[in-house]
Amino acid sequence: MLLHEFRPGRLLAGATALTLAALYGGDAAGAWTTPWYAVAPVTFGGLGLAGLATWVAYGYRRRRSARSASSENTDAPASTSGSQDIR
């Protein structure tokens with residue numbers, strides 16, 4: 001059993017931050033040269049993908065919960081008169 005739901009958007013946002021850290025860490029160590037303007041496309045591209053993944057996962061969770069709710073509610077309600085009193 002999982003402790004929490006899988007959130008692919010958060011995973012992609014974290015991977016974007018780690019990518020930026022690796023790019024500028026390698027630049028600071030002298031392994032390669034990273035241009036200063038590389039931060040914008042990596043950040044906005046990664047966060048855009050994270051937003052898209054979050055939107056898709058949300059739609060999937062909504063459809064999955066709607067399917068399970070519709071299959072559970074096959075019986076008539078306890079009271080159709082509007083009162084929930086047991087008679």
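Predicted model: local features only at pLDDT ≥ 70, side-chain atom pairs only at ≥ 80, totals over all residues.

Mentor: The partners are Glu-5 and Arg-61, whose closest N and O atoms sit 3.1 Å apart. Glu-5 belongs to the segment before helix H1 (8–29), while Arg-61 is part of helix H2 (residues 39–72), so the bridge ties together parts that are 56 residues apart in sequence. As background, side chains of opposite charge can pair when their charged atoms come close. Glu-5 itself is partly exposed, at a relative accessible area of 41%.

Now go to the loop between H1 and H2, where you'll find Thr-34. Thr-34 is buried: its relative accessible area is 9%, and the cut-off for that label is under 20%. Its side chain reaches the backbone oxygen of Leu-23 at 3.1 Å, and a polar contact of 3.2 Å links the side chains of Thr-34 and Trp-32. If you set aside neighbours within four places in sequence, Thr-34 is in contact with Leu-23, Tyr-24 and Asp-27.

Of its 87 residues, 15% are buried, and Thr-34 is one of the buried ones. Among contacts with a separation of 6 or more, 52% are between residues 24 or more positions apart. The chain exposes about 7300 Å², with carbon and sulfur atoms supplying 64% of that area.

Note on methods. Residues numbered from 1 in each chain as written. Heavy atoms only, no water. Salt bridge = Lys/Arg side-chain N within 4 Å of Asp/Glu carboxyl O. Helix = DSSP H or I, 4+ residues; strand = E, 2+ residues; numbered from the N terminus. Buried < 20%, exposed > 50% of the residue type's maximum accessible area, 1.4 Å probe, protein only. Polar contact = N/O pair within 3.5 Å; in protein donor to acceptor, adjacent residues only side chain to side chain. Contact = heavy atoms within 4.5 Å. Areas by Shrake-Rupley, 256 points an atom, 1.4 Å probe, with all protein chains shown as cover.
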